[in-house]
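Open the structure in your viewer and keep the selection tool at hand. The tour below goes from stop to stop, saying what to select and what is there.

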Amino acid sequence: MSTTVEFARMNGLGNKILVVDMRGRPDKVTPAAAVALNADPETEFDQIMAIHDPKADGTDAFIDILNSDGSKAQACGNGTRCVVQALAAETGRKAFTFQTVAGILNAVEHEDGTISVDMGKPVFDWDRIPLAEEFHDTSRIELQIGPIDNPVLHSPSAMSMGNPHAIFWVDKDVMSYDLARFGPLLENHPMFPERANITLAQVTSPTSMTTRTWERGAGLTLACGSAACSAAVSAARTGRTGRRVMINVASAKPPGTLSIEWRERDDHVIMTGPAEWEWSGRLDPATGLWSGDADRGAEAQ
């Protein structure tokens with residue numbers, strides 16, 4: 001068995017993704033390899049999407065997802081779109097079914113190149129998100145940052161979209177908040193026993209909103225698909241928008257949008273957006289040592 005595997009550096013609205021082909025192998029990308037890859041500016045990432053042979057009948061692959069700190073992630077919508085684009089280019093197929101630790105994901109690439117991912121049903125039960133305290137209504141929980149009489153952020157909506165999310169509603173530009181300061185405190189707050197993704201959301205119309213996310217295990221991120229889904233669902237759940245919204249991801253580079261529909265007939269959340277291939281190479285899944293393909297020219301390590 002070769003010590004190296006193929007990988008592609010991709011992005012979904014700037015969300016930095018490494019798609020690693022682990023098919024035909026019994027091993028996994030190790031946490032140590034993930035940390036080493038993230039420490040290199042060339043391969044710095046938000047999530048690794050490791051494609052493994054399918055474990056369940058009727059699925060095309062099992063996707064193992066790692067954060068940049070080496071921890072496991074249950075879901076990554078932007079990364080799933082990258083996997084779809086990579087496999088569609090390889091196979092010529094347009095529709096795929098993946099298994100993750102969070103469940104089954106169905107996805108399809110459209111003729112215009114955008115990709116829709118069925119992210120499944122949102123979870124609102126406090127003990128399944130999970131939260132450390134019981135809340136009958138998780139659309140508004142008791143949590144704040146800042147002075148008690150004038151908090152900077154307060155009363156988020158909490159839910160799970162395969163992973164825990166807290167959505168803080170703001171009236172100002174989401175980029176005007178010091179999320180780099182508040183993000184770590186909120187991600188690791190005792191309210192979230194499995195930590196949480198922290199999103200600032202500003203509703204701009206009944207069909208649009210702007211978001212910015214501190215991602216659990218990754219930090220400030222240019223984009224987060226499951227956070228966009230959680231913000232859209234929470235906005236509809238609290239009457240701020242309808243069930244179909246356009247999410248302007250404020251930190252994406254270049255700025256971009258995701259279309260989110262919380263489908264009424266089955267409560268599934270459908271996320272549609274782009275994915276982009278950047279370059280490819282090979283890496284050692286045990287150590288994270290890597291090399292770029294020859295066509296990267298001077299950029300190759």
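Start with strand β19, which gives the most to the lining of the largest pocket, with four residues. Bear in mind throughout that this is a predicted model.

**Stop 1: the largest pocket**

The largest pocket has a volume of about 250 Å³. Its lining has 16 residues, and E6, F7, A8, D21 and A86 are the closest to the pocket's centre. Now colour β1 (5-12), β2 (15-21), α2 (77-91) and β19 (276-283): these elements give two or more residues each to the lining. Sorted by class, the lining has eight nonpolar, six charged and two polar residues.

**Stop 2**

**Stop 3**

Select P151, V152, L153, H154, W169, V170, D171, Y177, A201, Q202, V203 and R240, which line the second largest pocket. This pocket holds about 200 Å³ of space. Which element supplies the largest share of its lining? It is β13, with three residues. β10 (153-154) and β13 (197-205) each supply at least two. By class, the lining has eight nonpolar, two polar and two charged residues.

**Stop 4: the largest nonpolar core**

In soluble globular proteins, nonpolar side chains tend to be buried together. Here the largest nonpolar core has 47 residues, and I247 and I260 have the most contacts inside it. Select helix α4 (residues 225-237), which gives seven residues to this core, the most of any element.

Next select I260. Leaving out residues up to four places away in sequence, I260 touches A228, C229, A232, R243, R244, V245, I247, V269, I270 and M271. Apart from this core lies another, of 22 residues, including I141, A158, A166 and F168.

**Stop 5: C229**

Go back to helix α4 and pick C229, which is found there. Is C229 buried or exposed? C229 has a relative accessible area of 0%, so it counts as buried. Beyond residues up to four places away in sequence, C229 touches M119, M161, I260, V269 and M271. Draw a distance from C229 to M119: their C-alpha atoms are separated by 8.2 Å, although the residues are 110 apart along the chain.

**Stop 6**

The model has a count of 18 salt bridges. Select R93 and D60, whose side chains meet in one of them, at 3.1 Å from N to O. R93 is in the loop between α2 and β6 (95-100), and D60 is in the loop between β3 (47-52) and β4 (61-67), 33 residues apart. R93 is partly exposed at 38% relative accessibility, and D60 is partly exposed at 28%.

Then select R237 and D137, a salt bridge with its closest N and O atoms 3.9 Å apart. R237 is partly exposed, with a relative accessible area of 26%, and D137 is partly exposed at 40%.

Finish by selecting D118, R263, R265 and D266, which salt bridges with shared partners join into one network.

Conventions. Residues numbered from 1 in each chain as written. Predicted model: local features only at pLDDT ≥ 70, side-chain atom pairs only at ≥ 80, totals over all residues. Heavy atoms only, no water. Core = buried A, V, L, I, M, F, W, Y, C linked by side-chain atoms within 4.5 Å. Buried < 20%, exposed > 50% of the residue type's maximum accessible area, 1.4 Å probe, protein only. Contact = heavy atoms within 4.5 Å. 1 Å grid on protein atoms, 1.4 Å probe; cavity = no way out; pocket = protein on both sides within 12 Å on 5 of 7 lines; lining within 4 Å. Points joined across faces, edges and corners; volume = space filled by probe spheres on them. Nonpolar A, V, L, I, M, F, W, Y, C, P; charged D, E, K, R; others polar. Salt bridge = Lys/Arg side-chain N within 4 Å of Asp/Glu carboxyl O.
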